[in-house]
Amino acid sequence: MKHAFVFLFALSIHAAEPAKIAPATETDPRLHADGQGWKLDKAKITDPKLPRVLLIGDSIVGGYRKDTIAALGGKAYVDVWANPYCQSAHTNKVLADVLTHGPYDVVHFNMGLHGWQEGRIKPGTFEPLMKAYVEVLKTKLPNAKLIWASSTPVTVKGNASELDPEANPAIIEQNRMAAKVMAEMQVPVNDFYSMLVDKRSLARGDRFHWTAPAYQLLADMCIESIRKVLPATHQP
């Protein structure tokens with residue numbers, strides 16, 4: 001009986017351990033991590049009373065993460081999951097694993113720049129997969145505040161004044177479908193697309209990425225929205 005108790009206790013400890021996150025890769029050479037790498041970066045927690053925030057995004061999150069983390073310093077711990085995924089059942093499974101590294105009080109999430117190529121997301125599946133993604137968040141983090149961020153514009157390589165005719169129409173359509181899902185599921189939206197579409201002079205010129213002033217605009221929007229919903233310091 002004693003051995004059975006020890007075995008069950010060991011199982012419970014093991015079950016409580018955060019899941020290992022499998023390495024992610026992007027096969028399209030046009031889409032890269034912009035120096036950040038695809039991974040979950042976890043804040044070092046020294047005060048468990050402070051709330052926790054999770055930023056989810058593609059390489060664009062690498063541009064506004066630093067300012068966001070700095071602005072929330074002393075108010076919350078911020079983890080960042082930069083990944084190259086698009087809407088899929090596999091993505092939703094990986095998301096569930098990532099959330100075991102919480103719990104999180106606020107999740108600011110985005111996904112889009114890796115799903116515009118034809119064939120990556122089957123026709124008619126975007127909305128149900130996006131809804132399932134939000135359902136994973138709500139199931140795993142029933143008390144968390146969720147904030148969706150639309151995907152940023154894609155410009156012509158070497159001519160940032162023009163919107164990319166191949167990728168940008170898909171980004172617009174996916175932003176539209178995502179906004180529909182968020183409205184149905186009562187998730188507020190940070191419209192990153194509208195923030196930057198008329199500020200294409202701030203684009204870097206490589207189609208997808210932006211300069212520091214543009215990332216500052218995104219950070220400001222992200223920070224403001226998180227501050228509005230950030231809970232008070234947790235009580236021991």
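The protein chain comprises seven helices and eight strands, where helices (H or I, at least four residues) and strands (E, at least two) are DSSP runs numbered from the N terminus. The model is a predicted one, in which local features need pLDDT of at least 70 and side-chain atom pairs count only at pLDDT 80 or more, whereas totals for chains, interfaces and linings use all residues. Residues are numbered from 1 along each chain as its sequence is written, and side-chain values use heavy atoms, with hydrogens and water left out.

Of the 236 residues of the protein chain, 48% count as buried; buried denotes under 20% relative accessible area, exposed over 50%, and partly exposed the range in between (1.4 Å probe, protein chains only). The accessible surface of the chain comes to about 12,000 Å², and 59% of this surface belongs to carbon and sulfur atoms. Among contacts (heavy atoms within 4.5 Å) between residues at least 6 apart in sequence, 81% join residues at least 24 apart.

Six strands form an open sheet with mixed pairing, in the order 1-3-2-4-5-8. The edge positions are taken by strand 1 (39-41) and strand 8, each of which pairs on one side only. Two strands are regarded as paired if DSSP finds at least two bridges between them. Strand 2 (residues 52-57) and strand 4 run parallel and are joined by four bridges. Leu 54 stands opposite Val 107 in strand 4.

Leu 72 is found in the loop between helix 2 (61-71) and strand 3, and counts as buried because its relative accessibility is 0%. Beyond residues up to four places away in sequence, Leu 72 touches Val 53, Val 78, Ile 226 and Arg 227. The C-alpha atoms of Leu 72 and Leu 230 are 9.8 Å apart in space, although these residues are 158 residues apart in sequence.

Asn 83 is located in the loop between strand 3 (77-82) and helix 3 (89-99). With a relative accessibility of 5%, Asn 83 therefore counts as buried. The side chain of Asn 83 reaches the backbone nitrogen of Tyr 85 at 3.1 Å; a polar contact is a pair of N or O atoms within 3.5 Å, for which, within protein, one must be able to donate a hydrogen and the other to accept it, and residues adjacent in sequence count only if both atoms are side-chain atoms. When residues up to four places away in sequence are not counted, Asn 83 touches Trp 38, Ile 56, Gly 57 and Asp 58.

Particular backbone geometries were assigned at several loop positions. The peptide bond from Gly 102 to Pro 103 is cis, with omega near 10°, and Pro 103 is placed in the loop between helix 3 and strand 4 (106-109). Gln 186, in the loop between helix 5 (168-184) and strand 8 (189-190), has a phi near 60°, a positive value in a residue other than glycine. Gln 186 counts as exposed because its relative accessibility is 72%. A positive phi, near 90°, is also assigned to Arg 207, a residue other than glycine. Arg 207 lies in the loop between helix 6 (192-197) and helix 7 (212-229), and is buried, with a relative accessible area of 9%.

Key
Areas by Shrake-Rupley, 256 points an atom, 1.4 Å probe, with all protein chains shown as cover.
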